[in-house]
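Here are a few notes on the model you sent over. Have a look at it first, then read on.

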Amino acid sequence: MRSRKEENALFSFVHVTDTHFSRSTPTERMLKRFVETINDEHLFPLPDCIVHTGDIIRGYYESRTVHTREMVAVKKLLDRLKAPFYVTCHNHDTYGEDVRGAVFDAVFGKPHFQVIRQGLFRIVVVSGALCSSDIFGRRVPGEVYPKWGF
C-alpha cells in the first residue's frame with residue numbers, strides 16, 4: 001500500500017451525494033459496498049474525510065417512524081467508516097416533517113454548518129434543506145447560519 005505522501009496528496013476526501021438509502025433495496029447493498037471499499041486500505045489510503053451532501057435516504061415515507069428507522073439504519077452503516085464523515089441533509093431527508101430536519105438532528109446531531117480544515121485546505125459543508133429561503137427566494141423558517149468561520 002502506498003502512503004498519501006508517496007501519492008503526493010496533501011489532503012484527500014470523498015464526496016458522496018444522493019444515495020437515497022432504503023433498507024432491503026439495491027441502495028443498501030451499494031452503500032454497504034461503499035463502506036467496505038473505503039475501509040479497505042489495500043485499495044488506497046483512507047481519505048482524510050468523507051462528505052455526504054444530502055438525500056441520504058429515499059424519504060417520502062408515509063410514517064415518521066419509517067423515516068426515523070431509515071435514518072438510524074443509514075447512520076449505523078456510515079458509523080462503520082474508518083475515516084471521519086460529515087453529512088448534510090436535503091429535501092429527501094426532511095420530507096413530511098413539521099420541523100424540517102428534526103429526525104436528521106436527532107440521529108446525526110447538529111450543526112448543519114461545518115468547516116473542515118486540513119492545512120491550507122477548507123471544505124465548507126452546509127445543509128441546503130435548512131437554508132433560510134426556498135427555491136423561489138421566499139423567506140421560510142429555518143436555521144440562521146453562523147458567520148463563515150474560515
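**Notes on the model**

1. Cysteines first: there are zero disulfides in the structure, a disulfide being a pair of cysteine sulfur atoms within 2.5 Å. Cys49 is buried, at 1% relative accessible area, and Cys89 is buried too, at 0%. Buried here means under 20% relative accessible area, exposed over 50%, and partly exposed in between (1.4 Å probe, protein chains only).

2. Ground rules: this is a predicted model, where local features need pLDDT of at least 70 and side-chain atom pairs count only at pLDDT 80 or more, while totals for chains, interfaces and linings use all residues. Residues are numbered from 1 along each chain as its sequence is written, and side-chain values use heavy atoms, with hydrogens and water left out.

3. Now the β-α-β part. Strand S1 (residues 13-16) has Val14 and Val16 on its covered face, with Phe13 and His15 on the uncovered one. S1 runs parallel to strand S2 (residues 49-52), joined by four bridges; pairing takes at least two DSSP bridges. Val14 sits opposite Ile50 of S2. From S1 the chain passes through helix H1 (residues 26-39) to S2, a right-handed crossover, i.e. clockwise from first strand over helix to second with the strands pointing away from the viewer. Helices (H or I, at least four residues) and strands (E, at least two) are DSSP runs, numbered from the N terminus.

4. Confidence: pLDDT (the predictor's per-residue confidence, 0 to 100) averages 77 over the protein chain, with 73% of the residues at 70 or above.

5. One caution: over residues 131-150 pLDDT stays under 50, and the model has 34 contacts for them beyond four places in sequence, contact meaning heavy atoms within 4.5 Å. Where pLDDT is low, predicted coordinates should not be read in detail.
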